[in-house]
Amino acid sequence: MPRPRRTQISVEDTPFYHCCSRVVRRAFLCGDDTYSGKNYDHRRAWVESLLFELEAVFSIDIAAFAIMSNHLHVVLRVDIDRANRWTDREVLEQWHKLFKGDELTQKFAKGELVEPHQVLRLKHAIAIYRSRLCDISWFMRCLNEPIARQANQEDNCSGRFWEGRFKSQALLDEAAVLACMTYVDLNPIRAKMANTPEQSDHTSIQLRIRAALKGEQPNNLLPFIGNERDNQPNGIAFTLKDYLELVEDTGRIIRNDKRGAISGNSNKLLTRLNISQDNWLKLTTEFGKLFHGPVGTLQELTDYCEHLEKRRRHFAKCCRYLNTG
């Protein structure tokens, strides 16, 4: 039986979560529908555009994404600290980018005087909106519902477009985050939709490569910030160069028609993560099959379950792939 989403999120343990949504109709989200003969590639641009629109509204960063034919993957980082730093007016300004709010919140956002007897109701609304702006369920809701309505309108039909619930899993350590990001970024390679990461349209890895060629990082993706240090900004604690090289090496091995091997530099990164090359390939090709819940070492999984008062450590057997270098 599915558990409430609030019992799967523990920001105390990790701000990183992998989410996946799949369509339920025969027609594909994107790509070619062999039954109808129609092509839906343009819908991938819908999803990517909306993803970045939501990233600019929510206090949630996008670490990786891949928009496939009948499903989408996204790796998110929840930034509660940023949401808490927003002033009351900033919270409403962010919320009103997506929703109208009510007359009272609109009045306050415009700087107009609020009557004393309305203050308590206003504070309550602001607290709710602040919470929602760092809530993964609200983020995915604001992503999936507009796409479903737009697709239904295009198909001149009604009913469900997505599965009833998106799947989410906590990524409990940096090894889990990096393995999941690589798994997501290499989705088109495994599906033979693209030959190389730079040819993988509507993916985070393509955007990172294009920006890297200019010596930059994409503004709308969570940046790589290098090794951990004091007072570091929010980001992924690896260098972009190391990650791109690791993805390239892994992608070459995954492709059956390409010979490849983990380079010395990438092997150093795997050694830092305490993951063997064989386990790394297992993780990045079968991540979705191996893990259907939280991902991390056995100790981190134990702590996560204790914080959420879970009696059983589901999927503990798969932890061995993350802590045997």
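**View 1. H10 and H12 sit roughly perpendicular to each other.** This close-up comes from a predicted model, as do the others below. Helix H10 covers residues 240-254 and helix H12 covers residues 277-290, and the two pack at an angle of about 80 degrees. That angle counts as roughly perpendicular because the class runs from 65 to 115 degrees. The axes of H10 and H12 lie 11 Å apart. On the H10 side, look for Leu246, Thr250, Ile253 and Ile254; they meet Trp280, Leu281, Thr284 and Thr285 of H12. Sort the residues of this contact by class and you get five nonpolar, three polar and no charged ones.

**View 2. Four strands make an open, antiparallel sheet.** Read across the sheet and the order is E2-E3-E1-E4. Strand E2 (60-67) and strand E4 (167-170) are the edges, each pairing on one side only. On average, neighbouring strands here are turned by 20 degrees against each other, if you ignore direction.

**View 3. Zooming in on E2 and E3, with helix H6 packed on the sheet.** E2 and strand E3 (residues 71-78) run antiparallel and are joined by seven bridges. To find your bearings, pick out Ala64: its bridge partner in E3 is Val75. Helix H6 (residues 136-155) touches E2, E3 and strand E1 (16-22). The direction of H6 makes about 145 degrees with that of E3.

**View 4. Gln94 reaches for two backbone oxygens.** Gln94 belongs to helix H3, which spans residues 88-95. Is this residue buried or exposed? Gln94 is buried: its relative accessible area is 11%, and anything under 20% counts as buried. The Gln94 side chain comes to 2.7 Å from the backbone oxygen of Val57 and to 3.1 Å from the backbone oxygen of Ala56. Leaving aside residues up to four places away in sequence, Gln94 touches Ala56 and Val57, plus Trp86 and Leu133.

**View 5. Arg208 is buried, at 0% relative accessibility.** You'll find Arg208 in helix H9 (residues 204-212). What does Arg208 touch, not counting residues up to four places away in sequence? Its contacts include Ile62, Ala63 and Met181, a run of Leu221, Leu222, Pro223 and Phe224, and also Ile236, Leu240 and Leu244. Gln217 and Pro218 are among the residues touched by Arg208 too. For scale, the C-alpha atoms of Arg208 and Asn219 are separated by 9.9 Å, with the two residues eleven apart along the chain.

Technical notes:
Residues are numbered from 1 along each chain as its sequence is written. This is a predicted model: local features need pLDDT of at least 70, side-chain atom pairs count only at pLDDT 80 or more; totals for chains, interfaces and linings use all residues. Side-chain values use heavy atoms; hydrogens and water are left out. Buried means under 20% relative accessible area, exposed over 50%, partly exposed in between (1.4 Å probe, protein chains only). A polar contact is a pair of N or O atoms within 3.5 Å; within protein, one must be able to donate a hydrogen and the other to accept it, and residues adjacent in sequence count only if both atoms are side-chain atoms. Contact means heavy atoms within 4.5 Å. Axes are lines fitted to C-alpha atoms, for helices over the stretch in contact, and angles run from 0 to 180 degrees between N-to-C directions. Angles under 35 degrees count as roughly parallel, over 145 as roughly antiparallel, 65 to 115 as roughly perpendicular and the rest as oblique. Ala, Val, Leu, Ile, Met, Phe, Trp, Tyr, Cys and Pro count as nonpolar, Asp, Glu, Lys and Arg as charged, and the others, Gly among them, as polar. Two strands pair if DSSP finds at least two bridges between them.
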